[in-house]
Amino acid sequence: MTDTVSRPRAGAGPQPGPGRQDPAAGQAALICAPMRIEAAAIRRRLPDSVTVLRTGYGTARAGQAAEDISRRPFGQLIVMGVGAGLTAELAPGDLVVGSDGCPSAAMLAAELRRAGLRARAGRIAAVHHLIRRAERARLAAAGFLAADMESAPLAAAAGDRPVAVIRAISDTPRRPLAGIVSGGLAALAALRAAAPVAQRWAAACGSRQLLLAGPRSFCAGVERAIEIVERVLARQGAPVYVRKQIVHNTRVVGDLERRGAVFVDELDQVPDGATVVFSAHGVSPAVRAEASRRGLAVIDATCPLVSKVHAEARRFAADGYTVALIGHGGHEEVEGTLGEAPDSTVLVQTAADVAALRPRDPDRVAYLMQTTLSVDEAAEVAAALRDRFPAVRAPGSDDICYATTNRQAAVRAVAAASDLVLVAGSANSSNSVRLVETCERAGTPAHLIDGPDDIELGWLAGASVIGLTAGASAPPAVVAEIIAALSGLGPLSVSERVTTTESIRFGLPKEVRH
Ligand code: SF4
């Protein structure tokens with residue numbers, strides 16, 4: 001049984017770029033709801049142009065409706081309705097986005113949460129009758145979050161088109177069928193609120209190209225720092241204290257925390273006599289002295305390219321130079337470098353800071369750079385220094401490291417051909433933020449994301465070519481997850497633009513070498 005609640009909308013969904021083929025192009029989304037009351041709730045928050053189809057209650061009617069649906073033209077299929085919750089963590093009105101067959105489920109659940117709803121992605125079991133207590137427990141133990149009778153046959157009608165299933169929980173193990181009236185009302189309210197989000201998901205669907213920037217993701221310094229913590233964990237067991245985040249990435253830090261690393265802001269949080277790892281961003285001599293005074297065993301994961309800048313600061317200061325450090329105030333690397341020669345080093349962030357600089361001797365000025373700066377921005381400040389102090393000394397070799405430079409060049413090449421660039425990285429990762437700025441300077445919108453859940457569906461509508469890169473501290477696994485999530489929104493053709501290849505590796509400190 002199928003009731004068409006309104007006319008199909010012409011031309012819905014994303015617009016493919018010129019010359020690209022999209023089999024679902026111009027086809028509207030189709031929303032299916034088994035019961036009239038569910039269809040009416042969904043219908044209330046959608047424009048008249050969106051088709052909401054009542055497909056009938058139960059497995060048999062859903063099967064019949066699926067045959068009708070498979071003959072219809074549509075771009076994306078969304079199945080919405082109420083469902084039974086299987087785990088005690090669920091409450092009436094919670095939403096479960098079916099993850100089986102929908103790689104973009106977690107992304108859709110995150111968008112529902114941003115809309116103020118309680119939503120999670122998980123497996124939805126297909127059942128043939130109202131669910132009973134023992135069956136709830138059995139299905140929950142098998143890894144399912146919710147159950148219903150219609151989603152599986154209806155979703156199968158999508159064929160190879162994008163499909164999403166959203167079930168609003170009406171009853172739970174704590175509030176089984178006795179509470180179904182109040183639970184049902186909560187579920188219908190959640191469905192109503194979820195409808196515009198489902199429409200946004202459909203608008204984000206479409207055939208698209210994904211351009212991967214190469215190189216991207218981990219650099220040699222980050223790989224070394226992570227390996228150091230892993231080796232200390234393997235050798236000494238948990239806890240292993242690490243001063244500051246070992247690298248600026250929430251995924252890496254969370255993973256190491258689960259394995260026993262304890263990240264502290266300062267050394268006074270480390271017990272006397274314990275081992276402490278210094279992060280890849282480096283520390284000032286004052287921190288080293290404090291660790292020695294406390295009798296801590298130090299393992300230094302400072303990137304050798306940061307240590308090189310520290311050595312330059314010491315050398316210039318010893319030769320009587322005023323050192324202008326081009327960098328961002330407050331960043332751990334900058335604080336470490338400033339600490340090498342605090343009386344001789346001045347932070348300059350802009351050309352205006354250069355104009356305000358008052359060196360002891362204008363003929364003895366040198367400059368250094370934070371390793372993760374924007375190449376273009378740092379060049380502007382360096383030019384201002386050369387203009388004001390013609391005798392200024394530059395570092396022996398580029399301070400902005402190979403990984404930063406290579407990732408910026410690679411993303412610039414990708415941004416030129418993309419409607420939108422996604423940059424995997426955390427908000428406190430300097431080199432990742434610089435990748436976003438590089439794209440924006442090239443005129444391409446870009447967004448920093450920790451993972452696929454941070455992708456807002458509104459960014460994707462109309463974006464037929466998406467660039468993807470990852471900062472030097474973002475794991476390759478996150479890139480793979482983003483690709484998988486985007487593949488749930490329609491055909492995805494993935495290619496890579498490699499501007500250079502990297503083979504740099506750094507040796508491990510002697511404490512963990514063997
Ligand atoms: S971004 Fe550069 S300086 Fe920072 S850890 Fe990686 S290689 Fe070292």
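**View 1. P239 lies in the loop between α7 and β10 (240-243), where helices (H or I, at least four residues) and strands (E, at least two) are DSSP runs numbered from the N terminus.** The peptide bond that joins A238 and P239 is cis, with omega about -5°. This is a predicted model, in which local features need pLDDT of at least 70 and side-chain atom pairs count only at pLDDT 80 or more, while totals for chains, interfaces and linings use all residues. Residues are numbered from 1 along each chain as its sequence is written, and side-chain values use heavy atoms, with hydrogens and water left out.

**View 2. The protein chain as a whole, with 17 helices and 20 strands.** The C-alpha trace spans about 85 × 55 × 40 Å along its principal axes. Of the 514 residues, 54% count as buried, a term that stands for under 20% relative accessible area, with exposed meaning over 50% and partly exposed in between (1.4 Å probe, protein chains only). Among the contacts with a separation of 6 or more, 75% come from residues 24 or more positions apart, contact being heavy atoms within 4.5 Å. The accessible surface comes to about 20800 Å², and 52% of it belongs to carbon and sulfur atoms; such areas come from the Shrake-Rupley method with a 1.4 Å probe, and for residues only the protein chains shown count as cover.

**View 3. The loop between β9 (208-214) and α7 (220-236), which holds P215.** A cis peptide bond runs from G214 to P215, with omega near 5°. S217, found in the loop between β9 and α7, has a positive phi of about 70° although it is not a glycine, and with a relative accessible area of 5% S217 is buried. R216 also lies in the loop between β9 and α7, but at 23% relative accessibility R216 counts as partly exposed. When neighbours within four places in sequence are left aside, R216 is in contact with R407, T469, A470, V479 and E496. The C-alpha atoms of R216 and G327, which are 111 residues apart along the chain, are separated by 22 Å.

**View 4. K244, in the loop between β10 and α8 (250-258).** Although K244 is not a glycine, its phi is positive, at about 65°. K244 counts as buried, because its relative accessibility is 16%.

**View 5. The largest cavity, with a volume of about 280 Å³.** On a 1 Å grid over the protein atoms alone, a cavity is a set of points where a 1.4 Å probe fits but cannot get out, a pocket is an open set with protein on both sides within 12 Å along at least five of seven lines, and lining residues have an atom within 4 Å of a point. Grid points are joined across faces, edges and corners, and a volume is the space filled by probe spheres set on the points. By this rule there are three cavities of 30 Å³ or more. The largest cavity is lined by 23 residues, and those nearest its centre are C219, V222, H281, T372 and N431. At least two lining residues come from each of α7, α10 (304-318), α14 (402-415) and α15 (430-441), and α14 gives the most, with three residues.

**View 6. The second largest pocket, with a volume of about 270 Å³.** Its lining has 15 residues, of which D100, S151, A152, A155 and V165 are the closest to its centre. β6 (119-126), α5 (151-156) and β8 (163-171) each supply at least two residues of this lining.

**View 7. G93, in the loop between β4 (76-85) and β5 (95-98).** G93 is buried, with a relative accessible area of 10%. Not counting residues up to four places away in sequence, G93 touches R118, I169, A186, A187 and A190. The C-alpha atoms of G93 and D399 are separated by 54 Å, these residues being 306 residues apart along the chain.

**View 8. S344, in the loop between α11 (332-338) and β15 (345-348).** At 11% relative accessibility, S344 counts as buried. Its contacts, leaving aside neighbours within four places in sequence, are with A317, Y321, T322, V323 and R360.
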